[in-house]
Amino acid sequence: MIWLKKYIKIEIKLIIAKKSLGQNFLIDKNIINKIINLVSIRNKDIIEIGPGREALTEEIIKKKPKSLSLIEKDFFLAENLKKKYSDCNNIKVYNSDVLKFDIEKITTKNTIIFGNLPYNISSQI
């Protein structure tokens, strides 16, 4: 935390990708927009696997989904998501490994699934 002239408080959070979790954080706005614009999100049930630093999440929310379920394995990132979206009734955060998570419990017939996941688990999903 940094204080500037006693009046402004700036919090700096440095989130480093954990190799042990195979993390990679999506930062390219062009790629994010291409992914988000592949389907219509408005009023749909959405699941995002591995929201991480929320690059896709923030864009999904702008498109006004009916519901958004976030599945994040990293405890620290999941806790940040829970705090940030605690007042949002249509957003649920699950701190879980997607490979062990029963995704069918939160899936409807027309659910759309997004994910920025590690390559080493993509074929298992």
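Lys 62 is exposed, with a relative accessible area of 59%; exposed means over 50% relative accessible area, buried under 20%, and partly exposed in between, with a 1.4 Å probe and protein chains only. Lys 62 forms a salt bridge with Glu 59, and the closest N and O atoms are 3.0 Å apart. A salt bridge is a side-chain nitrogen of Lys or Arg within 4 Å of a carboxyl oxygen of Asp or Glu. Both residues lie in helix α2, three residues apart, which is about one turn of the helix. Helices (H or I, at least four residues) and strands (E, at least two) are DSSP runs, numbered from the N terminus.

The model is predicted: local features need pLDDT of at least 70, side-chain atom pairs count only at pLDDT 80 or more, and totals for chains, interfaces and linings use all residues. Residues are numbered from 1 along each chain as its sequence is written, and side-chain values use heavy atoms, with hydrogens and water left out.

The protein has four helices and six strands. Along the sequence they follow the pattern β-β-α-β-α-β-α-β-β-α. Of its 125 residues, 33% count as buried. The protein exposes about 8800 Å², and carbon and sulfur atoms supply 54% of this area; accessible areas come from the Shrake-Rupley method with a 1.4 Å probe, and for residues only the protein chains shown count as cover. Contact means heavy atoms within 4.5 Å. Among contacts between residues at least 6 apart in sequence, 50% join residues at least 24 apart.

Which residues of α2 are buried? They are Leu 56, Thr 57, Glu 59 and Ile 60. What covers them includes α1, β3 (45–49), β4 (67–72) and β6 (112–115).

Thr 57 is found in helix α2, which spans residues 55–62. Thr 57 is buried, with a relative accessible area of 0%. Its side chain is joined to that of Glu 48 by a polar contact of 2.5 Å. A polar contact is a pair of N or O atoms within 3.5 Å; within protein, one must be able to donate a hydrogen and the other to accept it, and residues adjacent in sequence count only if both atoms are side-chain atoms. Leaving aside neighbours within four places in sequence, Thr 57 is in contact with Glu 48, Pro 51, Leu 68, Leu 70 and Tyr 85.

The next topic is the nonpolar core. In soluble globular proteins, nonpolar side chains tend to be buried together. A nonpolar core is a set of buried Ala, Val, Leu, Ile, Met, Phe, Trp, Tyr and Cys residues joined through side-chain atoms within 4.5 Å. The largest one here has 16 residues, of which Ile 46, Ile 60 and Leu 70 touch the most other members. At least two residues of this core come from each of α1, α2, β4, α3 (75–84), β5 (91–95) and β6. Apart from this core lies another, of six residues, among them Ile 49, Ile 71, Val 98 and Ile 106. Beyond its neighbours within four places in sequence, Ile 60 has contacts that include Ile 36, Ile 41, Ile 46 and Phe 114.

Ile 35 and Phe 114 are 79 residues apart in sequence but 8.3 Å apart in space, C-alpha to C-alpha. With neighbours within four places left aside, Ile 35 is in contact with Leu 26, Leu 56 and Phe 114.

Most residues other than glycine have a negative phi. Asn 43, although not a glycine, has a positive phi of about 60°. Asn 43 is found in the loop between α1 and β3 and is exposed, with a relative accessible area of 58%. Just after α2, Lys 64 also takes a positive phi of about 60°. Lys 64 is placed in the loop between α2 and β4 and is partly exposed, at 48%.

The structure holds five salt bridges. One of them joins Glu 54 to Lys 84, with the closest N and O atoms 2.9 Å apart. Glu 54 lies in the loop between β3 and α2 and Lys 84 in helix α3, so the pair ties together parts that are 30 residues apart in sequence. Glu 54 counts as buried, at 11% relative accessibility, whereas Lys 84 is partly exposed, at 45%.
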